Amino acid sequence: MIYTEMNGRCGNQLFHYAVARYVSIKTGDPNLSFDFKKVFANYDKQQGRYDVLTDYQTVPYSYWKGTGKLLFQESNLLQKAMIISKSLGIYLFRSRSRAAKAKEAVIGQRLLNHFGVYWVREGVDKIWPHQRKKSIVSGPCEVSFIYEIQDILQKEIQPKAPVLPKNIGLINKIKNSNSVCVSVRRGDFFNNQNAKSFAVCTPDYYRMAKKKLENKKLKDLIFFVFSDDIDWCKKELDFNGSNVIFVSQDMPVYETLRLMYTCKHFILSNSTFSWWGQFLSRAKNKLVVSPSRWNNDGYQSKLIQKNWILINC
């Protein structure tokens with residue numbers, strides 16, 4: 001059995017699922033159990049705080065219904081010893097910078113993995129799966145090694161429901177043009193608590209990214225803007241013209257993601273949901289524009305790919 005701690009909304013949950021599937025495929029263990037307690041404690045379907053996996057064609061899984069912290073409740077004695085040792089290292093590094101903590105995260109990974117513990121924190125971008133009676137996946141799981149199973153995930157992370165009737169014309173326009181998904185994350189990234197760390201993508205960034213793609217002279221280029229604050233985008237981005245479409249978010253999150261990954265090119269924000277749009281896209285020769293950094297804390301995200309067009313902002 002592969003036990004996985006779940007947290008966050010759609011983008012975060014998909015990363016947890018992807019790492020669990022990676023371990024499952026590499027070890028041959030098909031049994032997945034997810035701990036959704038943190039998600040369900042703040043249940044709000046309108047805000048995306050629910051089990052989003054139910055919307056997609058995932059493999060079967062069960063809910064872990066134990067009490068306490070899964071990492072300790074399901075681990076055996078050897079695993080507990082490894083977890084406690086690693087926890088001590090995390091505690092000692094607690095006052096270090098985000099970048100220093102990321103460097104510490106990789107220490108001892110192969111040994112942890114040997115005993116079936118996958119503590120996939122920031123800085124970890126490789127794991128060594130070993131088949132065990134019980135395996136445990138924990139941490140943010142925001143990793144790029146899941147590109148190794150991209151084809152599988154593209155099949156499984158497809159909505160169960162058909163395209164909404166009101167979006168048939170829109171998705172056909174996306175399919176029949178050089179469509180660009182412009183993903184603008186606002187919301188909690190720009191509140192007083194988080195802006196210092198995550199306020200990276202300015203209006204100038206999106207304008208520069210748009211210009212980069214326009215300079216490619218692609219035929220039938222249309223920009224589809226997706227955001228949690230469309231009104232802000234209309235006011236601040238200065239995206240004008242008949243080849244710009246601001247997409248209403250009056251739809252389920254799985255529908256938004258489907259429209260995004262159907263696009264052929266991508267202008268990303270520093271958001272996991274934005275990242276999944278380009279990852280799930282099957283477009284050939286897609287162009288991906290991204291900020292060169294995803295935070296202001298000195299940590300270089302492992303999600304940024306070398307073949308992307310990067311913009312300093």
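**Figure 1. Surroundings of W275 in the predicted model.** W275 is in contact (heavy atoms within 4.5 Å) with F15, V143, I146, Y147, W294, L303 and W308, leaving aside residues up to four places away in sequence. The model is a predicted one, in which local features need pLDDT of at least 70 and side-chain atom pairs count only at pLDDT 80 or more, whereas totals for chains, interfaces and linings use all residues. Residues are numbered from 1 along each chain as its sequence is written, and side-chain values use heavy atoms, with hydrogens and water left out.

**Figure 2. The nonpolar cores.** A nonpolar core is a set of buried Ala, Val, Leu, Ile, Met, Phe, Trp, Tyr and Cys residues joined through side-chain atoms within 4.5 Å; buried means under 20% relative accessible area, exposed over 50%, and partly exposed in between (1.4 Å probe, protein chains only). The largest such core has 59 residues, of which I146, L257, W275 and W276 touch the most other members. Two or more residues each are given to this core by α1 (10-27), β2 (32-35), α8 (168-175), β7 (221-227), α12 (253-262) and α13 (272-280). Helices (H or I, at least four residues) and strands (E, at least two) are DSSP runs numbered from the N terminus. Helix α1 supplies the largest share of the core, nine residues. Another core, of 22 residues, lies apart from it and includes V182, V225, C233 and I309.

**Figure 3. The parallel sheet.** Five strands form an open sheet in the order β3-β2-β1-β5-β4, with parallel pairing; two strands pair if DSSP finds at least two bridges between them. The edges are held by β3 (62-63) and β4 (117-119), each with a single partner strand, so one side of each has no neighbour in the sheet. Strand β1 (residues 2-5) is joined to β2 by four bridges, and E5 has D35 of β2 as its bridge partner. Two bridges join β2 to β3, where F34 stands opposite Y63. Both faces of β2 are covered: L32 and F34 on one side, and S33 and D35 on the other, are all buried.

Figure 4. W119 lies in strand β4 and is buried, with a relative accessible area of 12%. The residues that W119 touches, not counting those up to four places away in sequence, are L71, I83, K86, S87, I90, Q109, V124, S138 and G139. W119 and L71 are 48 residues apart in sequence, with a C-alpha to C-alpha distance of 9.3 Å.

**Figure 5. A nonpolar surface patch.** F40, Y43 and Y63 form a nonpolar patch on the surface, with about 320 Å² of accessible area together. F40 belongs to helix α2 (residues 37-41) and counts as partly exposed at 37% relative accessibility.

**Figure 6. Two aspartates with positive phi.** Most residues other than glycine have a negative phi. D220, in the loop between α10 (203-214) and β7, has a positive phi of about 55°; at 49% relative accessibility, D220 counts as partly exposed. D238 has a positive phi of about 60° and lies in the loop between α11 (230-236) and β8 (244-246). With a relative accessible area of 52%, D238 is exposed.

Technical notes: Patches are made of residues with over 30% relative accessible area and no salt bridge: like charges are joined within 9 Å, nonpolar side chains (Val, Leu, Ile, Met, Phe, Trp, Tyr) within 5 Å. Accessible areas come from the Shrake-Rupley method with a 1.4 Å probe; for residues, only the protein chains shown count as cover. A salt bridge is a side-chain nitrogen of Lys or Arg within 4 Å of a carboxyl oxygen of Asp or Glu.
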